[in-house]
Each structure stands twice: as C-alpha cells, then as structure tokens.
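Please examine the sequence and the structure shown below. The report that follows them is intended for a reader new to this structure.

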Amino acid sequence: MQKESLKSKKGILLVNLGSPKSTSVPDVKEYLDEFLMDERVIDYRWIFRALLVRGIILRTRPPKSAEAYKTVWTDEGSPLIAITEKIQKKLQKLVDVPVEIGMRYAEPSIETGIRKLVEQGISEIVLFPLYPQYAMSTTETVIEKAEEVRKAKFPNIKINYVQPFYNRDIYINCLAESIKEKLPENFDALQFSYHGVPERHIYKTDPSNTCKIDDSNCINSQVESHNARCYRHQCFKTSEAVIEKLGIPKEKAIVSFQSRLGKDKWIEPYTDETLETIPSKGVKNLAIVCPAFVSDCLETLEEISVEGKEEFLHAGGENFHYIPCLNDEDRWIDVVKILCEERLNDFYLV
Ligand SMILES: C=CC1=C(C)c2cc3[nH]c(cc4nc(cc5[nH]c(cc1n2)c(C)c5CCC(=O)O)C(CCC(=O)O)=C4C)c(C)c3C=C
Ligand SMILES: [Fe+2]
Ligand SMILES: [Fe+2]
C-alpha cells in the first residue's frame, strides 16, 4: 500500500474565494449569482434563496459592487487572484510537486485547477483552502465543491485537505511578525476586523450544540468539537494569540466583524459601528488588520482602507493605519509550504 502511494504523483491546489472576470456589471452579476446562490453562503431553501438573490439582491447590487471593484482593480486584474497567483509562483519555487490555483467562484475554478494537475499525471492532491478560520461559507463550501468535482469528474484521484490553521504556532508567529513590522510607532488600539457571518451559521456548524455566542460558551469554550467548527471562537482566538505574541495589552485590542449583507443578525460587534464609536472613547490613532483574509481583496482594499477610514475619520479619529494581509510575503509562503507538506506526507500513511 505504502509502495503504491510512493509511486503516485502528487500536486498542490491552492484555493481562494474568487473574483468576477472583469468589473463590468454583467460579469459582476454572474459572479454574485454563483456566490450568493451557494447554499452554504445564503443557507435558505433553494426557492427562498432564489427569491432573495435573483429577485432582490441581483437587481440592485451588481452596479454598486462593480463600482467598488473598479477602485481596487489593477493592470493584473483582481487583487485577490493576482496575489493568489504570486503565492503559487513563490511556492512552486520551494516544492518539487506541481502547484496550481483554483477559485471557489468564477475562474479559474476548482475543476480547472484539478484538471491542470490531472493533465500532469497527478493522482494525489493536497488542496489548501486559503482561510485561517473555518466557516460554512468558506472552508466547508470549498471542500464540498472539490468533493463534488472529484466524484463527478475525477473519481480516481485522492484529495487531502489542509485544515484551518488559526491556532497553529507557525501561522500565529508569521502573522504577528508581519503585523509587528507594519505597526505605526504610536497607536491607541489595534483592531482585528474579520469578515462576518450570520449568527445562524455559527449555530448550524456547531456539532456540540454548546455555542451560545457569549464569552464563556464561545470564546473560552473547552469543547473541542465546538472550537474546531466555530468561526467566531477561531477569530477571537487568532486575535488573542497575536496580541499575546506581540505583547500588546488586551485593553488595546478590538475584535470586530465586517461586510454584513441582508437583514439577518450577523456576529457582533460590527466593524463599521465600532469605527464610528471608538474615537469618542479616546481611540484617535488606529491600526487595523484583517486576518480572515490571507490576500488583500475588495473587502480590505475598499471596505476597510477606504470606507472604514472615512467612517473613522468622520467620527473624530485622527490616524487610520491599515495593515495589509500576508499576501506573498516570504514568511507566509514558508508557512503555506509547511502546511502543504504535512498533508503531502499524509498520503504515505494511508
Ligand atoms: C474570509 C472569509 C469570508 C467569509 C466568512 C465570507 C462570508 C460571506 N460573504 C458574503 C457576501 C459577500 N462577500 C463578498 C466578497 C468577499 N468575501 C470574501 C471572504 C469571505 N466571505 C472575500 C475574500 C471577498 C472579496 C472577493 C474579491 O473579489 O475581492 C461579496 C462580493 C462583493 C460585494 O458585492 O460586496 C459578497 C456579496 C456572505 C453573504 C457571507 C456569509 C454568509
Ligand atoms: Fe464575503
Ligand atoms: Fe462559538
């Protein structure tokens, strides 16, 4: 068994969220349709999801989103895709197996990425969902999609998945080092702004049924199965570990959740409301980082760096310092390499 595994060819697929093909309204609409019709993103029954997405959201949102995308688009296209390609190229120089990329939505899709590997004779793939924290709308949907594609199109390949890595020392050290380098000399608070999710998603993915979204039941939970699946817990734990590593007092750290959509209750506190209230509480000089994203994207470059900054300054803040994501920093590529290699080696254990 082990001999056979050693003979088969291995490869790596890095998976990120994906962006529209272009900033045109029809391309943005097509992208949003695929994204929001995902049952792990808007988790209503198909008919209600279609009524909400196609009947309401897609009638008004695409032109606004297209305008926002225009402000971050570069000569290389979408920042999220361009950065993922840079990670791929750097990783490729460090490992002796082929590395491809795939996006959960739009192109290059997960299927395209797997096909490119299979065409190179690969039959064992390490698939890395590029999300530090687990969520139904990120890690889970990537794995579901990859399994659907594998079963339907490539039934003879094996896939090992890199697990969420929010609590791995190598990642925390890397993130802390990266933040440390970019922190301004004087700051009143360091804000960790994570992408939000509806509260309902937190309860839905908790196998232990113990999460009550309050500090004792969520952040400090000792229930392993809860902690492995609770996005909120994992976000707070990421921040806690980073501030400890940086030696920043707890009182100087703020955790918040951005980018909510629709009328459902999302996990709190909300980033926009926080930015509007902290100046009156004495936070005039703010450093802000977005650790749910490994690569800068619309949500960091526009929603935080532009809109968030405006909200903060308008509310009386004086200095707003955005700390970029890990992007293609060498120290982060080293972490990606280690996490992938662990799963490459797991093929030998079968
Ligand atoms: C990092 C983790 C992410 C989670 C969790 C997440 C949940 C989530 N997102 C939406 C709706 C939208 N998100 C949009 C953009 C977007 N979201 C993420 C990541 C997470 N989303 C990224 C990296 C991006 C940027 C993509 C890019 O091309 O740069 C958008 C599109 C933009 C817009 O119109 O505002 C929507 C819509 C929901 C509903 C959700 C959880 C249920
Ligand atoms: Fe999102
Ligand atoms: Fe929780």
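The sections below describe the domains and the interface between them.

## Domain arrangement

The structure is a predicted model. Its protein chain is divided into two parts: domain 1 comprises residues 2–164 together with 330–349, and domain 2 comprises residues 169–323. The centres of domain 1 and domain 2, taken over C-alpha atoms, lie 23 Å apart. Domain 1 contributes 31 residues to the contact, and domain 2 contributes 29 residues.

## Buried area

The size of an interface is often expressed as the accessible area lost when the parts come together. Between domain 1 and domain 2, about 2600 Å² is buried, and 67% of this area falls on carbon and sulfur atoms. On the side of domain 1, Gln133, Tyr134 and Arg331 account for 28% of the area buried against domain 2, more than any other three residues.

## Polar and charged links

Three salt bridges are found across the interface of domain 1 and domain 2. Asp43 also forms a salt bridge with Arg200, in which the closest N and O atoms are 2.6 Å apart. Nine residue pairs are in polar contact across the interface of domain 1 and domain 2, both residues of each pair being at pLDDT 80 or more.

## The side of domain 1 that touches domain 2

Helices H3 (46–72), H4 (79–94), H6 (136–153) and H13 (330–349) are the elements that each give two or more residues to this side of domain 1. H3 provides the largest share, with six residues. By class, the side of domain 1 that touches domain 2 consists of 21 nonpolar, five polar and five charged residues.

Conventions:
Residues are numbered from 1 along each chain as its sequence is written. Chains are lettered from A and ligands numbered from 1 in the order in which they are written. This is a predicted model: local features need pLDDT of at least 70, side-chain atom pairs count only at pLDDT 80 or more; totals for chains, interfaces and linings use all residues. Side-chain values use heavy atoms; hydrogens and water are left out. Domain bounds come from an automatic or database domain assignment. Contact means heavy atoms within 4.5 Å. Buried area is the accessible area (1.4 Å probe) that two parts lose on being put together, summed over both. A salt bridge is a side-chain nitrogen of Lys or Arg within 4 Å of a carboxyl oxygen of Asp or Glu. A polar contact is a pair of N or O atoms within 3.5 Å; within protein, one must be able to donate a hydrogen and the other to accept it, and residues adjacent in sequence count only if both atoms are side-chain atoms. Helices (H or I, at least four residues) and strands (E, at least two) are DSSP runs, numbered from the N terminus. Ala, Val, Leu, Ile, Met, Phe, Trp, Tyr, Cys and Pro count as nonpolar, Asp, Glu, Lys and Arg as charged, and the others, Gly among them, as polar.
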